[in-house]
Amino acid sequence: MDRVACFFRCGLIKFTQIKSGPMKSKNPPEEPAHEDNFLESSRRDFLKHSGLLTAIVFTPSPIVKAAQSGLDEKIADLYEKVPVSLEVNGVKHQLSIEPRVTLLDLLREQLELTGTKKGCDHGQCGACTVHVEGHRVNSCLTLGVMVSGKKITTIEGLAKGDQLHPMQEAFIKHDGFQCGYCTPGQIMSAVACIREGHANSEQEIREYMSGNICRCGAYPNIVNAIQEVKEGGQPV
Amino acid sequence: MRQFQYSRPATPQAVIDAINKPGTKIIAGGTNLVDLMKRGVTAPGKLIDINQLPLKNIAPVKGGLHIGALALNSVVSENKLVVEQQPLLSMALKAGASPQLRNMATVGGNILQRTRCAYFYDTTMPCNKREPGSGCGAIGGYNRMHAIFGASDKCIAVHPSDMCVALAALDATVIVQGKKGTRRIPFADFHRLPGDQPELDNNLAAGELILGVDIPDNNFAKNSYYLKIRDRQSYAFALVSVAAALELDGNIIKNARLAMGGVAHKPWRLTDAEKSLIGKTISIENFQNAAQIAMQGAKAYGSNDFKLKLAPATITEALKHASGLV
């Protein structure tokens with residue numbers, strides 16, 4: 001059974017990699033026609049096919065054929081999907097996701113908002129920082145189902161059209177990054193840091209920005225950027 | 001991460017009914033559990049999300065302060081009542097994790113968080129806590145973060161919480177609800193030492209749900225200090241931490257509370273050292289004496305030998321801050 005289970009998981013991985021577009025979104029950019037068929041396919045369909053699957057699972061080529069015919073998608077239905085409604089950067093989305101999907105993966109792979117970065121994926125680096133109902137959190141440790149009904153803001157939601165957020169401007173002005181990978185998380189955290197009232201001194205900024213690691217070591221410039229925005233008094 | 005089923009009951013009773021089933025775990029903030037699930041350390045078949053329960057309140061109760069199990073670490077640390085009446089708790093919470101994690105982590109989850117022992121996290125290594133009977137990788141291994149008090153030949157892991165060190169010092173009570181109703185567990189009795197069953201972190205019975213904690217009123221607010229020593233200035237687990245709270249009458253210590261973190265399988269209360277301070281004047285000599293008393297029975301395991309010097313120095317320094325000598 002281990003090999004069967006392994007195949008199930010491989011199928012799921014393949015599924016999540018291929019079907020990265022928004023599912024059942026109110027305004028999806030492109031929705032493949034067969035997506036609806038998949039969502040409407042029942043567990044009974046899976047059970048019908050699973051007997052066949054068990055029989056062929058030890059033979060490599062039929063597995064490939066089964067995968068190609070979309071069987072793996074039906075396998076995903078073995079596990080119940082959960083409806084989730086989210087408002088991300090002012091846009092409402094209706095999704096159907098597996099409970100194990102993190103908010104980070106949901107944003108990046110289903111909503112194609114890849115500004116939020118996957119760094120450590122274990123809550124140790126802060127690259128995935130987003131705001132949930134205005135509060136900064138690590139999206140890598142947040143399950144998508146647990147933020148259903150909530151408002152999410154990502155780095156893509158800070159600018160107003162072509163006008164950058166003051167913190168984005170300040171990061172550019174002060175060279176608050178080198179490689180840029182941690183920058184979306186740094187900026188989301190920096191905005192929250194000021195909103196929380198924890199940007200009153202260099203020491204306080206460093207303490208309250210400690211959840212965002214910068215491997216390039218741009219910390220002094222990040223602190224300068226935050227101090228300028230704080231002292232400028234612009235609404236963040 | 002393995003697949004799991006998910007449900008979000010609305011009442012404590014519904015949660016208690018649900019968690020009695022094997023393979024079921026509660027999720028609140030998820031900052032520890034999701035990490036453990038991603039690493040394959042645990043793989044529950046069903047998660048019960050308790051965030052619908054009305055357990056977020058922070059309010060005065062007769063003789064103390066009640067904090068609900070779902071109150072967020074960030075909210076508790078900045079709550080006016082907590083800052084004014086129990087500043088030690090606020091300081092300890094702010095010393096833990098990062099602002100993002102504190103915005104997610106709950107009081108109940110903080111109490112129940114698992115050790116950060118690297119051998120517990122690495123599923124290719126032996127660990128009696130993760131897999132009873134498999135051995136302990138830390139004994140004879142790389143044990144820099146590990147215990148110097150109360151360990152066993154089965155496990156030398158430490159409890160990683162800062163908040164719990166303060167709650168232990170402040171004589172908090174954990175309120176839990178199970179099939180048979182509610183019961184109150186003194187904080188000192190909540191967590192346990194590893195002994196022969198390191199897989200058990202605490203004395204919470206199967207199917208019990210933490211409702212919150214009560215902290216009794218005290219006169220420590222003016223002279224409290226939480227000192228955490230770690231590898232970097234912020235956002236790291238403690239090598240050693242000390243919660244110190246004093247009640248002073250001029251220069252005389254009327255009452256004292258001391259607890260250490262990063263040194264044992266549970267928050268390590270220093271009752272003998274506390275007693276040694278009662279009636280004494282505030283002085284570095286008296287603090288160093290208390291620290292020596294606290295270190296009786298300490299045992300290091302190689303990589304953590306430095307803790308035998310770091311711990312008493314941290315106790316002395318925390319007492320200096322709490323008493324106003326610094």
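In which hand, left or right, does α7(A) pass α8(A)? The crossing is right-handed, meaning that the near helix is turned clockwise from the far one by less than a right angle.

Some bookkeeping: this is a predicted model, where local features need pLDDT of at least 70, side-chain atom pairs count only at pLDDT 80 or more, and totals for chains, interfaces and linings use all residues. Residues are numbered from 1 along each chain as its sequence is written, with chains lettered from A and ligands numbered from 1 in the order in which they are written.

Helices (H or I, at least four residues) and strands (E, at least two) are DSSP runs, numbered from the N terminus. Helix α7 of chain A covers residues 166-173 and helix α8 of chain A covers 183-195; their axes come within 10 Å and cross at roughly 125°. Axes are lines fitted to C-alpha atoms, for helices over the stretch in contact, and angles run from 0 to 180 degrees between N-to-C directions. α7(A) and α8(A) are therefore oblique to each other; under 35 degrees would be roughly parallel, over 145 roughly antiparallel, 65 to 115 roughly perpendicular, and the rest is oblique.

From α7(A), A:M167, A:Q168 and A:F171 make the contact, and from α8(A), A:T183, A:I187, A:A190 and A:V191. Contact means C-beta atoms, placed from the backbone, within 7 Å.

Now chain B. Three strands form an open sheet, ordered β1-β3-β2, with parallel pairing; strands pair if DSSP finds at least two bridges between them. The edge strands are β1 (5-7) and β2 (24-27) of chain B.

Definitions and conventions. Contact = placed C-beta atoms within 7 Å.
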